Amino acid sequence: MSKNNFTKYVFLLSGENLELAKEEVLSIIESKKSKLIGKLLIVEAKEFIDADELSNRLALTKSIHKLLFQCNKKDLIQKIKDYDWDSILVVSPFSLISSQ
């Protein structure tokens, strides 16, 4: 199975006008494939998407998320166990300062 260079993102669209919200996203994202499921727009993007920067430009999008994997219900637990969580988790050092 060959792996493509596309990353899937999920856009939670506001419900006022789904078609307009979809077109707003697609006007900014270069994508060959997209699928609208209720208020969720799944988009295959060839380039990295900076969700924070993009969310400032999209008035009809409530949130943007990277799609980690897809599977059917019976395979969900195994997919969660098999997923390389270290590839997305960023742990930064912190310190606690107590005030007295």
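1. Lining of the second largest pocket: I28, I29, E30, A45, K46, E47, F48, I49, D50, E53, L54 and R57. A pocket here is an open set of points on a 1 Å grid over the protein atoms alone, where a 1.4 Å probe fits, with protein on both sides within 12 Å along at least five of seven lines; lining residues have an atom within 4 Å of a point. The lining divides into six nonpolar, no polar and six charged residues (Ala, Val, Leu, Ile, Met, Phe, Trp, Tyr, Cys and Pro count as nonpolar, Asp, Glu, Lys and Arg as charged, the others, Gly among them, as polar).

2. A word on the model, which is predicted: local features need pLDDT of at least 70, side-chain atom pairs count only at pLDDT 80 or more, and totals for chains, interfaces and linings use all residues. Residues are numbered from 1 along each chain as its sequence is written, and side-chain values use heavy atoms, leaving out hydrogens and water.

3. You will find two salt bridges in the structure (a side-chain nitrogen of Lys or Arg within 4 Å of a carboxyl oxygen of Asp or Glu). In one, K8 pairs with E44 at 3.9 Å, N to O. This pair links distant parts of the chain, 36 residues apart: K8 lies in strand β1 (residues 7-13) and E44 in strand β3 (residues 40-45). Strands are DSSP runs of E, at least two residues, numbered from the N terminus.

4. E44 counts as buried because its relative accessibility is 12%, while K8, at 27%, is partly exposed. Buried means under 20% relative accessible area, exposed over 50%, partly exposed in between (1.4 Å probe, protein chains only).

5. The side chains of K74 and D75 also meet in a salt bridge, at 3.4 Å, N to O. K74 is exposed at 70% relative accessibility, and D75 is partly exposed at 31%.

Terms used. Helices (H or I, at least four residues) and strands (E, at least two) are DSSP runs, numbered from the N terminus.
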